Amino acid sequence: MRVCSYETAGGQPSYGLIKDGRIFDAGAPFRARYPDLRSVLEAGTLQSLETAAAASSPLDPASVTLLPPVPRPDKILCIGLNYMTHIQETGRERPAKPSIFTRYPSSLVGHGVPLIRPRVSDWFDFEGELAVVIGKAGRAISAADAAGHIAGYTCFNDGSIRDFQRHTTQFWAGKNFDRSGSMGPWLVTADELADPEAQHMTTRLNGEVVQSTPISDLAFSIPALIEYLSTVTELLPGDVIATGTPSGVGLFREPKLFMKPGDRIEVEITGIGTLANMIQAED
C-alpha cells in the first residue's frame, strides 16, 4: 500500500490510500476511531485501512495539501555520516557508532509544500535520504528482528542551514528551522518494498542530478540502526528514522551549491516515488 496524510482545502486533516494517482480517504467511521496515521500504526490496523478506503470516492491529489506521511511522530531520529561516499567527501573516517541528531515535526513539510529558506542564512543545503517509519513498538530490538518493527519507507529531505549547523559540534540548530525539511510524498508499506537497500536514490536541483547512490552504500544498515537506536530509547509506532545522505551535498562542492528561492528540489527513490518542493524565502 501507499498511504498518505493530507489536509483538505477547508483545513481538515485526513489520510488515505494512493491508488492509480488518486487518493481514497480512510472514511469518517475509520477516522473517528483512528484520527491520524500514527493512531492507525499504534493500533496495528494498517491493513484494515485498505478496506476502509475502498468505500470512499477518489480525490485528486492536486485538490489537497499533502502532509508528511506521519505528521506528528513521537520521534524523528536522523543519522549523520551514514553513506561511505559522504564520509569520504567530508574527509572523515567511518564512525564506529551511528551519529544521531533529532528533528522536530515543525521542521518538516509534505510533498509539494514550499521549503522555507530563513532570513538569517543563505547556506540552505539539500540532503536526500531514505526514511524508515516504525510500525511496531520495541526496545532492545535485535538486528535480526528489526524488519518486524518497520511499517514502511518514504523519501526525506534533511534540509540543512549549514552555517548554523557549524556554530557548535551539535547539529540541532542547523537542522530544526521551521519548514526547512520535507518528507513524503507517501508511505510505501514494507510488504511492497521488501529490500529497501536494493533501491537507488537520486536528488535533483532544478532538474540537475546532484546526488545519485545505491542505498546499499549505507555504512550502518537499517537493521543495525534499529538495533542501536532501540538500545537507547523505545521505538514507537510512527517514529521516523532518516537514514543519512550520500555525497554531493552543496557544502562540499566547489563552488558551494545552496538552494535559493525559486529553486525546485526533488528526492526520488526507486520503489517509492519522488518528493518535490519549491524553495521560498521567509517572509
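Start by selecting G135, which sits in the loop between β11 (128-134) and β12 (150-157). Strand and helix names here follow DSSP runs, numbered from the N terminus: helices are H or I runs of at least four residues, and strands are E runs of at least two. Before you go on, note that this is a predicted model, in which local features need pLDDT of at least 70 and side-chain atom pairs count only at pLDDT 80 or more, while totals for chains, interfaces and linings use all residues. Residues are numbered from 1 along each chain as its sequence is written, and side-chain values use heavy atoms, with hydrogens and water left out.

Still on G135, show what surrounds it. Setting aside residues up to four places away in sequence, G135 touches L41, H149, I150, A151 and P237; contact means heavy atoms within 4.5 Å.

Next, colour the protein chain in two parts, domain 1 (2-67) and domain 2 (76-281). Those bounds come from an automatic or database domain assignment. Taken over C-alpha atoms, the centres of domain 1 and domain 2 are 24 Å apart. The contact draws 13 residues from domain 1 and 19 residues from domain 2.

How much area do domain 1 and domain 2 bury between them? About 1200 Å², with 62% of it on carbon and sulfur atoms. Buried area here is the accessible area (1.4 Å probe) that two parts lose on being put together, summed over both. Select R2, L41 and L66 to see the trio that supplies 53% of the area domain 1 buries against domain 2, more than any other three residues.

What about polar links across this interface? The rule finds 0 salt bridges between domain 1 and domain 2, a salt bridge being a side-chain nitrogen of Lys or Arg within 4 Å of a carboxyl oxygen of Asp or Glu.

Now highlight β1 (2-7), α2 (37-43) and β5 (65-67), the elements that give two or more residues to the side of domain 1 that touches domain 2. Of these, α2 gives the most, with 4 residues. By class, that side of domain 1 has 8 nonpolar, 2 polar and 3 charged residues. Ala, Val, Leu, Ile, Met, Phe, Trp, Tyr, Cys and Pro count as nonpolar, Asp, Glu, Lys and Arg as charged, and the others, Gly among them, as polar.

**Around β19**

Jump to V113, in the loop between β8 (108-109) and β9. Leaving aside neighbours within four places in sequence, V113 is in contact with T65, L66, N277 and M278. Its C-alpha atom is 8.2 Å from that of A276, although V113 and A276 are 163 residues apart along the chain.

Then follow β9 (residues 115-117), which runs parallel to β19 (residues 273-281) and is joined to it by 3 bridges. Strands pair if DSSP finds at least two bridges between them. Look for L115 opposite I279 in β19. β18 (residues 264-269) runs antiparallel to β19, with 6 bridges, and here I265 stands opposite N277. β18 and β19 form a hairpin with 3 residues between them, and G271 in the turn has a positive phi of about 85°.

**Last stops**

The whole structure holds 16 salt bridges. For one of them, select E50 and K19, whose side chains meet at 3.4 Å, N to O. E50 lies in helix α3 (residues 48-53) and K19 in strand β2 (residues 13-19), 31 residues apart.

Finally, check some backbone angles. Most residues other than glycine have a negative phi, and most peptide bonds are trans. R179, in the loop between α6 (172-175) and β14, has a positive phi near 55°. The peptide bond from G184 to P185 is cis, with omega near 0°, and P185 lies in strand β14 (residues 181-189). The bond from E254 to P255 is cis, also with omega near 0°; find P255 in the loop between β17 (240-242) and β18.
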